[in-house]
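Me: I am new to this structure and would like a close look at a single part, the nonpolar core. Please take me through it slowly.

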Amino acid sequence: MTLPDAHYPDELLYHDQHDWARLDGDDHAVFGITWYAQDSLGEVVFYDPPEVGATISKDASYAEVESVKAVSDVIAPMSGEIVEVNDALEDTPEKINEDPYGEGWLVKVKLTQPEERGALLGADEYRKMLEKA
Amino acid sequence: MTRYTSATPDDRAEMLAAIGVDSVDELFGQIPEPLRLGRPLALPEGMSEAEVFERLAALAARNADAEEQVCFVGAGMYDHYVPAIVDAITQRSEFLTPYTPYQPEISQGGLQVMFEFQTAMSELTGLPVSNAGLYEGPSSVASAGYLAMAATGRKRFVVSRGLHPHSRETLATYAVGYGAELVEVGLRDGETDAEALTAAVDGETAAVFLQNPNFLGAVERVEALGAAAKEHGALLVVAVDPMTLGILRPPGECGADIALGEGQPLGNRLDFGGPSFGFFCATQDQIRRMPGRIAGETDDVDGRRGFVLAMQTREQHIRREKATHNICTAQALNALGAMVHLAWLGREGFRELGELLVQRTAYARERLAAVEGVEPLHEAPVVREFAVRLDAPVDRVLERCAERGIAAGYPLGREYPEYEDGLLVAITERRTKAQIDDLAEALGAAIAAERGEFPVDMTDKSPQGIS
């Protein structure tokens with residue numbers, strides 16, 4: 001498996017629990033975990049997605065990612081309702097490691113409070129947060 | 001002052017000074033006088049090490065064990081011969097002193113043993129997935145309850161009364177925490193009542209729990225009983241005696257989604273009740289809901305065969321507060337004993353052992369049924385254990401047999417009020433024909449004596465000893 005180097009695309013918004021959101025119009029977004037998160041977890045072996053239709057809340061867990069050493073909660077960067085989950089990860093959870101911002105996306109969400117975007121970090125801010133940690 | 005005394009007078013004075021009181025009496029001064037004991041505790045004086053040794057040796061000598069009594073007691077744990085090679089291997093320090101290495105792949109030997117054990121159990125049960133072992137039979141049954149709830153989203157367990165009473169109790173205890181409900185189905189002619197079972201299973205049933213052979217020793221019609229579970233989308237959980245798997249159709253071929261059980265008969269002695277281990281096998285669909293750990297085989301970077309800890313999806317060390325199961329590494333030692341025993345027996349030996357059990361048990365069942373005052377409790381086919389009714393108080397008969405060095409069986413009335421006169425008799429390869437004959441003779445004499453058919457002292461003149 002070839003892994004990408006650390007990178008944090010500028011067009012995404014970031015949550016300090018190492019999740020990203022890609023806004024799609026005013027009230028939809030795609031969520032995933034950051035390069036830093038997948039690197040800390042190690043090889044991901046299982047993704048336990050939420051149900052389509054489930055309501056999720058900003059800062060709360062909405063899914064689980066299992067690596068060979070630990071099971072970790074995935075934190076929602078914004079609130080909303082799940083409209084799609086990445087079913088392909090059932091067979092290829094390693095995509096979360098290989099392509100965390102692309103094929104490794106986790107859920108698509110209809111946002112219930114789009115204004116929450118104001119609380120998220122830009123790529124530069126997120127990078128700075130990581131440097132301080 | 002002994003080294004077991006944690007606080008010396010100096011320590012105590014220092015502590016009292018630190019909290020600003022002069023004495024222990026002053027410290028407890030706030031406790032009203034009437035509430036205080038006002039005298040030392042009624043404990044015996046301390047003893048020297050030698051005195052303690054004598055005392056414990058005297059207490060230990062009051063125990064009877066399966067080496068000094070001829071043991072026909074089974075009821076879930078069996079007096080099989082454990083070959084010396086089991087001890088030779090399990091006592092190796094590499095296996096005897098395990099602790100969860102947080103990089104488990106460093107312990108290739110431990111993982112290989114787990115993998116081989118899983119492979120053996122998977123073959124024996126006819127199910128594709130096995131874990132590396134659990135604590136014992138009953139908690140394995142209870143863990144299957146959780147799995148069934150997770151798999152079906154339902155919370156009702158239909159449980160045969162032929163399932164070991166300890167397993168039923170443990171499942172009931174766990175069910176309180178799960179918010180689940182147990183429905184018990186009775187026995188008829190020694191077997192699970194098929195009609196009652198079918199009536200009890202519905203669309204709310206998470207799982208049907210059977211035991212084969214059941215607690216009374218009877219071989220159940222697992223496939224037929226399991227049909228109701230299949231029809232309603234419930235899981236079929238079958239607790240099995242591993243020693244019977246060399247000759248009975250594997251539970252996986254009878255429709256079981258989960259086969260599990262008490263592992264003690266394989267490579268573990270009675271040891272006054274434990275520790276033993278449990279085994280747990282399931283269909284591929286349930287692999288992520290399995291309790292415990294699963295070791296896997298792989299190749300390393302240089303293409304050499306190696307082993308990894310592949311799955312531990314419910315365990316506390318990876319799920320922390322969200323864990324739904326916890327197993328201890330040390331349990332692998334008991335499972336290793338089983339693996340060594342199985343390897344020692346070999347495929348043919350394991351099957352032959354099963355055949356021997358069937359033959360000897362058939363002899364014992366026939367021999368006992370011919371004794372005056374002994375009737376079969378059921379006529380269902382059995383492998384290595386059977387139930388009879390005695391025409392005399394069972395506990396008194398057992399006492400009389402024990403005086404002759406025979407542990408004659410397990411009194412069923414202890415767990416089954418409906419079989420107050422029932423005795424469960426287990427046979428292992430250690431029980432010889434002569435011992436079985438002695439048992440028949442001793443039972444007959446004890447029953448006759450209890451019925452007052454001839455003077456008590458006559459029984460004392462009956463042939464002594466076990467050949």
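Reply: The largest nonpolar core holds 128 residues, of which Ala207(B), Val208(B), Leu235(B), Val237(B), Ala408(B) and Leu443(B) touch the most other members. A nonpolar core here is a set of buried Ala, Val, Leu, Ile, Met, Phe, Trp, Tyr and Cys residues joined through C-beta atoms within 7 Å, and a residue is buried if 20 or more other C-beta atoms lie within 10 Å of its own, exposed if 12 or fewer, and partly exposed in between, with C-beta atoms placed from the backbone. This is a predicted model, in which local features need pLDDT of at least 70 and side-chain atom pairs count only at pLDDT 80 or more, while totals for chains, interfaces and linings use all residues. Residues are numbered from 1 along each chain as its sequence is written, and chains are lettered from A and ligands numbered from 1 in the order in which they are written.

Helix α12 of chain B, residues 331–369, gives the most to this core, with 13 residues; helices (H or I, at least four residues) are DSSP runs, numbered from the N terminus. At least three residues of the core come from each of domain 1 (70–79 + 348–460) and domain 2 (84–342) of chain B, with domain bounds taken from an automatic or database domain assignment.

Leaving aside neighbours within four places in sequence, Leu235(B) is in contact with Ala148(B), Ala151(B), Thr152(B), Ala206(B), Ala207(B), Ala229(B), Asp257(B) and Ile258(B), where contact means C-beta atoms, placed from the backbone, within 7 Å. A second, separate core of 32 residues includes Ala21(A), Val65(A), Val74(A) and Ile96(A).

Buried residues also occur in helix α6 of chain B, among them Leu111(B), Phe115(B) and Met121(B). Just after α6(B), Gly126(B) takes a positive phi of about 70 degrees.

How values were computed:
Helices (H or I, at least four residues) and strands (E, at least two) are DSSP runs, numbered from the N terminus. Two residues are in contact if their C-beta atoms, placed from the backbone, lie within 7 Å.
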